[in-house]
Amino acid sequence: MNDERVSALGALYQAEKADASGMFNVAMAMMGIAVAYIVGAFGYADKYGTHSLPWVLVALAPMPLWIIAAFQSILTLTSMMHGVSVQIIENALFEETGLDKELRNYVGSRGADEIMDIRKSHWAHGVATVFVYAGVAAGVLGFTVYAVDQAWSHLTPRVSAGIIAGYFIAAVIVALS
């Protein structure tokens, strides 16, 4: 076993895992913020249209959720790339250990990938993953429709068109990402 190679791979592995852990924590915090935001926004619904909250702001209230959704998609893609990097480093480290190749699926992050990757996961895990993403999408879309519906009759046609264009652009950005 080449000790220098193992040390270098170990350092790379620790850095990748630390980055992945940090991104997971940020992603979970952002989900918590989004849920708290929706709950708070609905709690403030009785103030919609008052002097303290103009109708245009009511219509724009969901926009932070769209920004969070776009950021989440970037975090997810970044995490996936870290996952690929971790797999490469783990494979190299695994080869250096000389462990039986039959054990590779049980060592490191490969087991978790079998759950999180809907192309590889058991059908129940795939359904759970789709359920989570569909729930988030329904929450963002539902709140957007609710807020815009509440404000719609109070907005000028020009502002209404801008609101629709803004949400359409946000939806395209999130969908493409």
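What is the mean pLDDT of the protein chain, and what share of its residues reach 70 or more?

1. The mean is 87, and 99% of the residues reach 70 or more; pLDDT is the predictor's confidence in each residue, from 0 to 100. Keep in mind that this is a predicted model, where local features need pLDDT of at least 70, side-chain atom pairs count only at pLDDT 80 or more, and totals for chains, interfaces and linings use all residues. Residues are numbered from 1 along each chain as its sequence is written, and side-chain values use heavy atoms, leaving out hydrogens and water.

2. Helices here are DSSP runs (H or I, at least four residues), numbered from the N terminus.

3. Just after α3, glycine 98 has a positive phi of about 75°.

4. Valine 6, in helix α1 (residues 3-43), lies 7.3 Å from glutamate 96, C-alpha to C-alpha, although 90 residues separate them in sequence. Valine 6 is partly exposed, with a relative accessible area of 24% (buried is under 20%, exposed over 50%, partly exposed in between; 1.4 Å probe, protein chains only).

5. Phenylalanine 168 sits in helix α6 (residues 157-176) and is exposed, at 57% relative accessible area.

Conventions. Helices (H or I, at least four residues) and strands (E, at least two) are DSSP runs, numbered from the N terminus.
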